[in-house]
Amino acid sequence: MAEFSQKRGKRRDDEVLGSAVDFLLANARLVLGVGGAAVLGIATLAVKRLIDRATSPRDEDEAKGDTTCLEDSWKELSLLKATPCLQPRPPPAALSQPLSPLPPSPSAPEGPADDHPQMSPPCSSPAPLCLTFQEKLLAFERDHVTIPVAHVALAKQLAGDIALELQAYLRNKFPELPFGALVPSGPLYDGLQAGLADHVRLLVPLVLEPGLWSLVPGVDTVARDPRCWAVHRTQLEFRSRGSSPWDRFLVGGYLSSRALLELLRKALATSVNWPAIGSLLGCLIRPSVASEELLLEVQHEHLELNVAVLLAVTGTNAEDRLLLAWPLEGLAGNLWLQDLYPAEAARLRALDDHDTGTRRRLLLLLCGVCHSHPALSRLGRRHLTQVVLRLGEEEVDWAEAALGERFLQALELLISGLERASLPCHFNPGVNLFSSLREEEIDDIGYALYSGLQAPEWLL
């Protein structure tokens with residue numbers, strides 16, 4: 001009987017406590033909303049269970065359920081911590097009205113609202129923007145490849161002014177030598193310069209008498225070099241040696257590029273008044289001493305420019321060849337290096353014009369990527385041009401949307417060539433452009449390209 005009375009009294013207390021909880025939750029739902037009432041209800045239920053365990057006698061069934069109750073309490077507490085803090089719902093009449101800003105927290109530091117606005121953290125952050133490789137490649141082209149139009153115009157103006165000044169000097173210094181008009185050229189003039197307007201080619205053509213000179217392939221000379229040509233003096237039985245102003249530079253019956261280079265190098269370093277010319281053009285000009293080629297370093301307020309002065313011989317009998325006096329070694333020292341850049345640039349332009357392609361843009365991207373990479377910087381424009389020409393001849397999609405795919409194909413072609421240590425010249429297959437690379441350099445370049453092929457965005 002006593003046990004029954006105890007249980008009945010306990011039931012009455014539970015009913016009173018339950019009525020109080022129901023009343024509290026009902027009013028809380030009106031004030032705090034559904035979310036706030038749920039949080040308050042969970043907390044109240046947890047407190048009620050703690051009171052019950054503290055005031056009620058323990059029996060065997062309750063002792064067995066201690067572990068389950070404790071686990072339920074952990075779940076409830078974790079649910080309480082994970083429940084987001086919701087703002088009270090406004091009444092229906094105020095839904096169309098703008099919400100008034102919340103008052104600042106007393107613990108928040110005071111400061112100008114415009115400079116450092118206090119923003120409450122959002123309940124869920126938006127997913128990060130994931131760009132495709134194509135989009136990253138176009139962004140790299142915009143930020144690191146495209147040259148400002150003003151810089152291109154300034155570089156061309158400086159190169160043109162220097163060409164006029166140098167041409168006037170050559171005519172006064174060597175009136176007996178028939179030099180042609182100096183012509184600035186190079187990738188900057190063909191839209192193939194990437195990143196910076198920092199390099200211009202200045203051709204100094206030699207005017208040779210027709211019928212007195214002929215071109216001999218380098219493989220037919222003692223040098224056996226397929227890159228070069230020899231300029232042979234002919235008609236000596238009818239036009240004796242000395243009848244041509246260029247005969248003073250003959251070595252073994254051939255026009256020596258080395259002798260002409262030394263003549264022009266000495267003149268540029270000692271005879272030209274570069275400080276006066278630079279002052280007239282608003283820049284600083286000085287010949288490079290460390291470079292083997294004839295190079296002028298130009299420093300302007302807005303850019304730095306390197307002007308390569310190149311003695312050139314054009315092909316006779318309408319032959320489309322351009323030969324340059326280049327510092328070659330060994331038996332090829334007196335030969336002339338064939339420059340295939342004009343033919344390569346013209347072919348790329350023709351292919352792009354045919355299908356409105358992006359071959360030249362691909363070349364610019366490859367040049368920009370390799371120039372800024374420590375290992376890939378050993379790959380010059382000539383190497384990359386051969387790869388783009390080989391790809392460009394294939395009947396594939398060359399639209400802008402396929403630029404990322406063509407970029408990866410170019411990396412695969414370079415890796416394939418490095419595995420064989422062979423990169424044939426497009427217009428002269430007998431020339432291997434990888435022959436000058438050491439084995440260690442090939443390994444470094446190959447590793448960088450292979451890593452880039454696995455994660456191409458790392459190259460950008």
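This is a dialogue in which a student learns to read features of a predicted protein model.

User: What percentage of the residues in the protein is buried?

Analyst: A residue is called buried under 20% relative accessible area, exposed over 50%, and partly exposed in between, with a 1.4 Å probe and protein chains only. Of the 460 residues in the protein, 38% are buried. As for the surface, accessible areas come from the Shrake-Rupley method with a 1.4 Å probe, and for residues only the protein chains shown count as cover. The protein exposes about 27,600 Å², of which carbon and sulfur atoms supply 57%.

User: Which strands does E2 pair with, and in which sense?

Analyst: Two strands pair if DSSP finds at least two bridges between them. Strand E1 (residues 183-185) is joined to E2 by three bridges, and these two strands run antiparallel, with Ser185 standing opposite Arg201 in E2. E2 also pairs with E9, here in the parallel sense and over seven bridges, and in this pairing Leu203 stands opposite Leu310 in E9. Strand E2 (residues 199-205) is mostly covered, since six of its seven residues are buried.

User: How is strand E8 joined to E7 and to E9?

Analyst: Strand E7 (residues 284-287) and strand E8 (residues 295-299) run antiparallel and are joined by four bridges, and the bridge partner of Leu284 in E8 is Gln299. E8 and E9 likewise run antiparallel, with five bridges between them, and Glu297 has Asn306 in E9 as its bridge partner. E8 and E9 form a hairpin, with four residues between the two strands.

User: Where is Glu304, and is Glu304 buried or exposed?

Analyst: Glu304 lies in strand E9, which covers residues 304-314. Its relative accessibility is 58%, and therefore Glu304 counts as exposed. A contact means heavy atoms within 4.5 Å. Not counting residues up to four places away in sequence, Glu304 touches Ala197, Asp198, Val298 and Gln299. Glu304 and Leu284 are 20 residues apart in sequence, and their C-alpha atoms are 9.6 Å apart in space.

User: What percentage of contacts joins residues at least 24 apart in sequence?

Analyst: Among contacts in the protein between residues at least 6 apart in sequence, 62% join residues at least 24 apart.

User: How do helices H10 and H11 pack?

Analyst: Two packed helices are described by the angle between their axes and the distance between the axes. The axes are lines fitted to C-alpha atoms, for helices over the stretch in contact, and the angles run from 0 to 180 degrees between N-to-C directions. Helix H10 (residues 381-392) packs with helix H11 (residues 403-420) at an angle of about 115 degrees, and their axes are 10 Å apart. Among the residues that make the contact are Leu384 and Val387 of H10, and Ala410 and Leu413 of H11.

User: Where is Ser416, and how exposed is Ser416?

Analyst: Ser416 belongs to helix H11, and because its relative accessibility is 26%, Ser416 counts as partly exposed. The C-alpha atoms of Ser416 and Gly446 are separated by 9.1 Å, although the two residues are 30 residues apart along the chain.

User: Where are Arg224 and Asp225, and is each of them buried or exposed?

Analyst: Arg224 is in the loop between E3 and E4, and with a relative accessible area of 59% Arg224 is exposed. Phi of Arg224 is near 55 degrees, a positive value in a residue other than glycine. Asp225 is also found in the loop between strand E3 (213-217) and strand E4 (228-233), but at 11% relative accessibility Asp225 counts as buried. Asp225 touches Gly218, Val219 and Ala332, not counting residues up to four places away in sequence.

Notes:
Residues are numbered from 1 along each chain as its sequence is written. This is a predicted model: local features need pLDDT of at least 70, side-chain atom pairs count only at pLDDT 80 or more; totals for chains, interfaces and linings use all residues. Side-chain values use heavy atoms; hydrogens and water are left out.
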